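Trainee: I would like to go through the labels one by one and see what each rests on.
Mentor: Then we set each value against its cut-off.

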Amino acid sequence: MHCGTSKIIGCRFSLHPMDSEFISIIKGALSEVDLSTVWRHTDDVSTVIRGEGPHVFNALAALTEKAASHGKHIAMNATFSVGCPGDTSGDSYMGIEDPVKNEIPEGPYVSSQFSLYPLNQSDYMETIYREIDRAKERGVYNESMHYATGIHGSLKNVFAFYEETFTEAQIGEHPHVVMTINMSIHSPSHGGPDNAR
């Protein structure tokens, strides 16, 4: 098996609403979002979605926005992967070229952190630095920190950056890329009526 042979985009994520009604918030988001273009499985810890990149990112952005629409403090963490040599062709919806199914509104303010791991690439640091520069160009860069980079802005802009940077990080002969995201929405620590820091 070789890196980069699988083109399936996989994402395993968890939503954590800080509210006693967290079950209805999570299940409501899963029922309200159109997930017809991604393969999905939910267990007692997390949900995995698999398929073409645009549909995977669209589904996660829509799920996060729906869960956040209740106005409660919510956290989301996700791990994306593509090109894993141990991946299989099953349990995925590939070859779907239809437009994405969910319209993503501008959404609330998001504070997040991401880490990018371009595996099987000798110049991986160049890729990471390039994508941090991309965050600055897109106006979503927040700060550098140990083991991650801070990204913030509207939900729509933050997810647009993550999709773009994950796609661009795959450029290479045998791309195997992993990206982790931790996201916080409606946190009282964001400060201010518009949650801007």
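Mentor: Buried means under 20% relative accessible area, exposed over 50%, and partly exposed in between (1.4 Å probe, protein chains only). This is a predicted model, where local features need pLDDT of at least 70, side-chain atom pairs count only at pLDDT 80 or more, and totals for chains, interfaces and linings use all residues. Residues are numbered from 1 along each chain as its sequence is written, and side-chain values use heavy atoms, with hydrogens and water left out.

Trainee: Which residues of helix 1 are buried?
Mentor: In helix 1 (residues 22-32) they are I25, G28, A29 and L30. Helices (H or I, at least four residues) and strands (E, at least two) are DSSP runs, numbered from the N terminus. The buried residues of helix 1 pack against strand 1, strand 2 (39-42) and helix 2 (53-68).

Trainee: Why does S184 count as buried?
Mentor: Its relative accessibility is 17%, and the limit is under 20%. S184 therefore counts as buried.

Trainee: What makes the link between S184 and H73 a polar contact?
Mentor: Their side chains meet at 3.2 Å. The definition asks for a pair of N or O atoms within 3.5 Å; within protein, one must be able to donate a hydrogen and the other to accept it, and residues adjacent in sequence count only if both atoms are side-chain atoms.

Trainee: How do you know that strand 4 pairs with strand 8?
Mentor: Pairing needs at least two bridges found by DSSP. Strand 4 and strand 8 (residues 176-185) have 9 and run antiparallel, with I74 opposite I185.

Conventions: Contact = heavy atoms within 4.5 Å.
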